[in-house]
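Reader: I would like to see how the words used for a structure are tied to values. Please take me through the terms one by one.

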Amino acid sequence: MRTTYDAIIIGGGVIGCSIAYELCKQNKRMLLLEKETIGSKASSAAAGMLGAEMEFKTDHPLYSLAKESRDSFSSLSQELFNVCGIDIELIQKGIYELAFTEEEADELKREAAKRQDQGEAVFWLPAHDLLRKEPALSPLVKGALYFEKDGQVSPVKLTRALYQSAEILGAEIKEHTEVVQLLQTGNRVTGVITTKETFHADSVIVAGGVWSSDLEPSLKMVPVKGECLSFKTQRPLLTGTVKYKNCYLVPKRENTIFVGATSTPHVFDEEVTFSGLFELMEKTKQIVPELSGACFEKAWGGIRPQTESGIPYIGPHPHKEGLILATGHYRNGILLSAITGKRIADYMESEVYHS
């Protein structure tokens, strides 16, 4: 049995699986370790939005990275289907940020004008145009800022497609294998110790979400609890994703609509609460009144991994050789998964080239 690899990835969420897939494309000998099952935590709790322009202002440090990642999903979707046969259910119907008051409408109009001046494909849609596109929205809506190029995927199928594609291309993947310690010689990380075995590698990649701090306390990850729910409807009610304040409605296949999400920093549990669901249901009814008669499907909670700065760690550890970080993507793990996998794989390739 092999115990030495080019790279070991700690964490089997969408970020870890994306890195595994990209490294396998570069013929790296790699091992992915997941303490539970692949994609069982934040990745499966996400709604799957690819809201690069909706999520970030144009002067945000992640804006360009997020757009690059979002734009790569068309080719990634086809690529993964060709390798493993899984359809990640990419939908490119845009995202609408709604206004229900004149003040909100004026603010979004100014934002649309600003973005258009910068050459972005972001538009203000007055109510009559918006309701022609999305007639199930409340007639009280004043209009929406339309992010035409944003979209969404199935987070569960994306994670599964990355994982299975990596495995097909040669990745070794071990579930129910918890890493309890990083192996270190001087200032260099040389492997990991799990509850069962010890493994060695040229590089160790920490992609453990909020649990990354258990192995590297200097990361100081911040847990942010989020709750979501879903409904089944008799007919399709929405084509694009809609967002109002902190509530979004994401139409999925088979007449399912995901609704999210609450946001509670510094809470480390995945319990679904009455107050959380009530808050989401009240907003849902305001946005699409017809959903009050829809069939409730399920509710779930998850813990998003946030850094103290709000910017994810993507790259080498500043003080430890052989240790690479890919964690802290907060609520944008699905959106940034594609670019994170590529950036980490490209970094490792450049290290080999320059060594």
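Author: Start with contact, which means heavy atoms within 4.5 Å. This is a predicted model, where local features need pLDDT of at least 70, side-chain atom pairs count only at pLDDT 80 or more, and totals for chains, interfaces and linings use all residues. Residues are numbered from 1 along each chain as its sequence is written, and side-chain values use heavy atoms, with hydrogens and water left out.

Reader: Which residues is T284 in contact with, leaving aside its neighbours within four places in sequence?

Author: They are F231, C247, L249, V259, P289 and L291. T284 itself belongs to helix α9, residues 274–287. Helices (H or I, at least four residues) and strands (E, at least two) are DSSP runs, numbered from the N terminus.

Reader: Why is T284 called buried?

Author: Buried means under 20% relative accessible area, exposed over 50%, and partly exposed in between, with a 1.4 Å probe and protein chains only. T284 has a relative accessible area of 2%, so it is buried.

Reader: Is E89 buried or exposed?

Author: E89 has a relative accessible area of 14%, so it counts as buried. It sits in the loop between α5 (73–84) and β4 (95–99). Its phi is positive, about 60 degrees, although E89 is not a glycine.

Reader: What makes N255 partly exposed?

Author: Its relative accessibility is 23%, and therefore N255 counts as partly exposed. N255 lies in the loop between β14 (247–252) and β15. Phi of N255 is also positive, near 55 degrees, in a residue other than glycine.

Reader: Why is E79 called partly exposed?

Author: The relative accessible area of E79 is 27%, so E79 is partly exposed. E79 is in helix α5 and touches Y21 and K25, not counting residues up to four places away in sequence. E79 and D59 are 20 residues apart in sequence, and their C-alpha atoms are 31 Å apart in space.

Reader: At what angle do helix α1 and helix α8 pack?

Author: Helix α1 (residues 14–25) and helix α8 (residues 155–168) pack at about 35 degrees, with axes 8 Å apart. Axes are lines fitted to C-alpha atoms, for helices over the stretch in contact, and angles run from 0 to 180 degrees between N-to-C directions. Among the residues that meet are V14, C17 and Y21 in α1, and L158, L162 and Y163 in α8. By class, this contact of α1 with α8 has nine nonpolar, three polar and no charged residues.

Reader: Which peptide bond is cis, with omega near -20 degrees?

Author: The bond from G260 to A261 is cis. A261 is in the loop between β15 (256–260) and β16 (264–265).

Reader: Where does UniProt place the feature "coiled-coil region"?

Author: The unreviewed UniProt entry places it at residues 91–118. Over residues 91–118 the chain is 57% helix and 18% strand, with end C-alpha atoms 26 Å apart. UniProt annotations may be inferred rather than shown by experiment.

Note on methods:
Nonpolar A, V, L, I, M, F, W, Y, C, P; charged D, E, K, R; others polar.
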